[in-house]
Amino acid sequence: MSYNSANAGSGSRTASRAFEFGRTHVIRPKGRHQATIVWLHGLGDKGSSWSQLLESLPLPNIKWICPTAPSRPVALFGGFPCTAWFDMGEISEDAPDDIEGLDASAAHVANLLSTEPANVKLGVGGFSMGAATALYSATCRVLGQYGNGNPYPINLSAIVGLSGWLPCSRTLRNRMERSHEAARHAASLPILLCHGLGDNEVAYAHGEKSAQTLSSAGFRNLVFRKYNGLGHYTIPEETDDVCTWLTASLGLEGSRS
């Protein structure tokens, strides 16, 4: 699917990038459809990589949508192209944020959720760069707009981020303080962040600082979990915590055995 970032990206009058998103994998709910979650993979990965794990989770009332990011040059790899939700160099609060790429990916996620039934709760989750994109979607939701000012159209009910970080953290608090409406939305949006103490790709400190930044900006319904010895991958203990949290946060029916 081609997505022109002029619709949701920087909003500038200069030539904008068109992003070709890859294949999307959908896992249908095995029980009554109560929630739909878009799950976003990490840097260089694809949507199908997570579909088998997500299908195995004891969450029969969730429909999972697993898109694939566009292939694009990535500064972290010296401009070598790979699947990425946005361009990035080293993870740092001082590093520039690719607002155009973030907006295009957040808009793609919103588009995937836009046709879901009105009585179904909607969420976004992800791993690593996918978690960063999910958190960016959360900030768009509470602020009511993308980074370029265009309106954000989806009412999100849950955000999950595994081994990730918060993009645009430098400006979030100032943007939040300008809007009472944003503060109200932030206080009620459930967020689960999980991070391994042994993560050597996205350091634990980045995950912890992201949780602190979100909390100080008004995201009060946030849970941060840390895992001893966990590197840049997931383990059953972590996915069990995700299942328990999603069931409670989304008010899902009982899990299957």
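Helix α2 is mostly covered, with 13 of its 15 residues buried. Buried here means under 20% relative accessible area, exposed means over 50%, and partly exposed is anything in between (1.4 Å probe, protein chains only). The helix covers residues 99-113 and reaches 21 Å from its first C-alpha to its last, close to the 21 Å expected at 1.5 Å a residue. That expected span is 1.5 Å times one less than the number of residues. Helices (H or I, at least four residues) and strands (E, at least two) are DSSP runs, numbered from the N terminus.

A quick word on the ground rules. This is a predicted model, where local features need pLDDT of at least 70 and side-chain atom pairs count only at pLDDT 80 or more, while totals for chains, interfaces and linings use all residues. Residues are numbered from 1 along each chain as its sequence is written, and side-chain values use heavy atoms, with hydrogens and water left out.

Now step back to the chain. The unreviewed UniProt entry places the feature "domain: Phospholipase/carboxylesterase/thioesterase" at residues 25-248. UniProt positions are given in the numbering used here, feature names are shortened, and annotations may be inferred rather than shown by experiment. Over residues 25-248 the chain is 37% helix and 21% strand, and the end C-alpha atoms sit 25 Å apart.

Asp98 and Arg72 are both buried.

How many salt bridges does a search of the whole structure find? The search finds six. One of them joins the side chains of Glu253 and Arg32 (2.7 Å, N to O). That pair links distant parts of the chain, 221 residues apart: Glu253 is in the segment after α7 (236-250), and Arg32 is in the loop between β3 (25-27) and β4 (35-40). Glu253 counts as partly exposed because its relative accessibility is 36%. Arg184 and Glu181 make another salt bridge (2.7 Å, N to O). These two are three residues apart in helix α5 (residues 180-188), so about one helical turn separates them. Glu181 has a relative accessible area of 42%, which means that it is partly exposed.

Back at the loop between β7 and α2, look for Gly89. At 26% relative accessibility, Gly89 is partly exposed. Gly89 and Leu76 are 13 residues apart in sequence, yet their C-alpha atoms are 4.1 Å apart in space. Leu76 belongs to the loop between β6 (71-74) and β7 (80-83), and its 32% relative accessibility makes it partly exposed as well.

Next, the backbone. Most residues other than glycine have a negative phi, and most peptide bonds are trans. Ser163, though, has a positive phi near 55°, and Cys168 has a positive phi of about 55°. Ser163 is in the loop between β9 (158-162) and α4 (169-177), and Cys168 lies in the loop between β9 and α4 too. Ser163 is buried at 0% relative accessibility, and Cys168 is buried at 12%.

What about the cysteines? A disulfide is a covalent bond between the sulfur atoms of two cysteines. Here a disulfide is counted when a pair of cysteine sulfur atoms lies within 2.5 Å, and by this rule the count comes to zero. Cys194 is buried at 2% relative accessibility, and Cys243 is buried at 7%.

Note on methods
Salt bridge = Lys/Arg side-chain N within 4 Å of Asp/Glu carboxyl O.
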